[in-house]
Amino acid sequence: MSRMSRYLEIGSSPHVTSGASVDVIMRNVVYALLPVCAFAIYSFGAAAALVLVTATLSCVATEQVLCRLLSRPSTVGDWSVTITGILYGLTLPPDLPLWMVAVGGVFAVAVGKFLFGGLGSNAFNPALVGRAFLQAAFPQAMTHWAAPLGDARFMDLPQSTLALPFVEPGYDAVTTATPLALMKFEGIQAANQELMYGLTAGSTGETCAVLIALGGLYLVARNMMNWRTPISILTTVAILTLLMNWLEPGDYPRPAFMLFSGGLMLGAVYMATDMVASPITNAGCWLYGALIGLLVVVIRFWGGMPEGVMYAILLANAVSPHIDRLIQPRVFGTRGGKT
Amino acid sequence: MTTPVQQPVTSVWSMYRAIVGIGALCALLIVSVFKATEGRIADNRARFLASAVAEILPEAQWTLAVAVDASGALVEASEGAALPGYLGFDADGNIVGAVITGIGMGYADNIRLLYAYSFELDAITGFKILESKETPGLGDRVEVEPHFLASFDRLDASLSPGGDALANAIVTVKQGEKVAPWQIDGITGATITSEAIGRILDVSASVWVPALERDAAAFAGRQPHEEEQ
Amino acid sequence: MNQPPTTDEFVKGLWRDNPVFVQVLGMCPALAVSNTAINALAMGLATSFVLLMSGISVSLLRRFIPREARIVCYICIIASFVTVVDYAIAAISLELYRSLGAFIALIVVNCLILGRAEAFASKNTVGRSVLDALGMGVGFTVALLSIGIVREILGSNSLFGIALFPDGFQTWTVMVLPSGGFFAMALWLLVVNRIKERQALKEPAQ
């Protein structure tokens, strides 16, 4: 509506736009992610910085090379692949060998994005595709967590970070388990404050729930993110956990633990809201969020793995076109049902 | 345009002739190949079992299949028992130990394993995975991880005073926290599989060890009977 | 119909009409049991044997089998040879038998075999059918083997069970999992299609 021309414009719909183009939205997402990245580097040191840089560079480079190979105009300038890279980096363990980071980054963009047709056509969130590949390819390295706030984190790199390509990384002694693994295998729940302020082990960007939520609020305030998806996910998880915790308090954690631990906050705010792979309608977003929340709870409580946000979102991505078909807005002037 | 080409009608007789004839030829082929390979396949199965037994109970010269019946007594197993155990004998007919099949749910699917029980030590002294679909590189480390296998040098399975149950349940503990001889030192990163091994052993040994301790002596002095074929 | 056998009957299965990379037939065993080179080779040879024997039988009996009852007869013949292979593998090596699992029995429904019986052996002389089956069998085996080699090197750091790189090689667990079959298959398809594209550009006159 912002740009009204004096001339009669003739073109196909849409005629009314919000004025926000892909690159404006994407740039703002990058701003919202900066505090999360900063905290990741503060918490895990130089290794996390290198992981984030490598992840972003590998994704951007892959996009550039593939655009060139396919003789398409470069889409690097619209920032979307930068976000894929940063988000992908934020989901990785901080002491992951950099060559694995690069392998996953190439996979994320080449298979997760370009195989489906590039920007706007990806069925799954590319960042999570990259992470899922690494999880399947290198399960040992992907379940190895550095302790946060180590003493020498800015001066020394972990032995594993600079492992040569194709060489099995060696590890330093200082490692720990994530709060979810502690909960699942030993029944120890971390305190709320530790989880909210990010004093626990985990992927580079998933530990500090508060900063992630603040970034999400910024995007919602600027009307650049559909708030229904994260709210729906978090509410579903909270309600289901409350129910289980009420039925059998000894076996299931409290809702706050579930909300602030693991990748749930990062996934709900930044991954599930991927504009391409999530439903279009508002009602669809509620349903999609509820599905992710349900899957997260099921995988975390009854699955073999301690964390399930990644698989929950990828599965929900797969059904989001069906959600869209299920909840089709009524065309103005017609009666519901038939079109 | 043109009338459809009339297919020559096939007589029912020629169809029967073809189907029955080919069926008979095929049946003949299958039966003859089955007869030709039967012996070798049985040999292979016996050798596979013998090599597994030799690996975990090397003292045994030959084995006798046994089972635990409904009343908890040890009996000679009938052909094709689901989860057989084997008493291991040396050349003089002394019982040197037992090898027992255990099964239970792992991470991906049922794990089927053999484990050796030593009467002398009242302990489990080794195991071998027969079938498992555990994640390569994670769950299958239970077969190679040295500290995990070290628990099986002598994994205590002694009986409670009453003699009808294990004195201490066999259990897998977190890596590095093994303090008692009946605990298995678990593997970080293969938690579920290593715990499953402990659970399978506990369930199986709770049934087998009381029966073995009470009844096995009755089998002492057996000699391998010659195969009557 | 009764042309003399030509080498083309054999050669076409190797590259131009390769069962896996061009016709994309028999994907189930190609993806499922190609996790090591040995498994892939065994599966390829087993399938080739069934292909050859059923090709010969169908071709010999082609005048004896009426059109209406042909599928029943083909399946009966194929299933018999699969059973033979099943016993033979169990007799050769129980270990191989265990790792191939249910996929030996599933050779029966490999559409490559029924496809060749229906499309070729039932219309051609024994000589031509043998060449066709051999070509398809070799093509299938080579394709499986090339998938299996990639998967075994990356996934298990070995080739035909022999360890390759001394120590510290990071194995790609995903390659021995089922999804690795898809990745390796896709990579080979990429290579094969690329080469075919180049060839087509070079000889546009055909």
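Predicted model: local features only at pLDDT ≥ 70, side-chain atom pairs only at ≥ 80, totals over all residues.
1. Start with the contact itself. Chain A brings 14 residues to it and chain C brings nine residues. Between them the two chains bury about 980 Å², and 69% of that area is on carbon and sulfur atoms.

2. Next, see which parts of chain A are involved. The elements giving two or more residues to the side that touches chain C are α4 (98–110), α5 (126–137) and α6 (139–142) of chain A. Of these, α4(A) gives the most, with four residues. Sorted by class, this side of chain A has 12 nonpolar residues, one polar and one charged.

3. Now turn to chain B, where seven strands form an open sheet with antiparallel pairing, in the order β2-β1-β3-β4-β5-β6-β7. At its edges are β2 (74–76) and β7 (155–156) of chain B, each pairing on one side only.

4. Within that sheet, β3 (residues 85–89) and β4 (residues 95–105) of chain B pair in the antiparallel sense over five bridges. A handy spot to look at is B:Gly88, which stands opposite B:Gly97 in β4(B).

5. Finally, two helices of chain B meet these strands. Helix α1 (residues 12–56) lies across β1 (62–68), β3, β4, β5 (110–118) and β6 (123–131) of chain B, and runs at about 145 degrees to β6(B). Helix α3 (residues 191–215) of chain B packs on the sheet and touches β1, β2, β3, β4, β5, β6 and β7 of chain B, with its direction at about 45 degrees to that of β5(B).

Conventions. Residues numbered from 1 in each chain as written. Chains lettered and ligands numbered in written order. Heavy atoms only, no water. Contact = heavy atoms within 4.5 Å. Buried area = accessible area lost by both parts, 1.4 Å probe. Nonpolar A, V, L, I, M, F, W, Y, C, P; charged D, E, K, R; others polar. Pairing = 2+ DSSP bridges. Axes fitted to C-alpha atoms, helices over the stretch in contact; angles between N-to-C directions.
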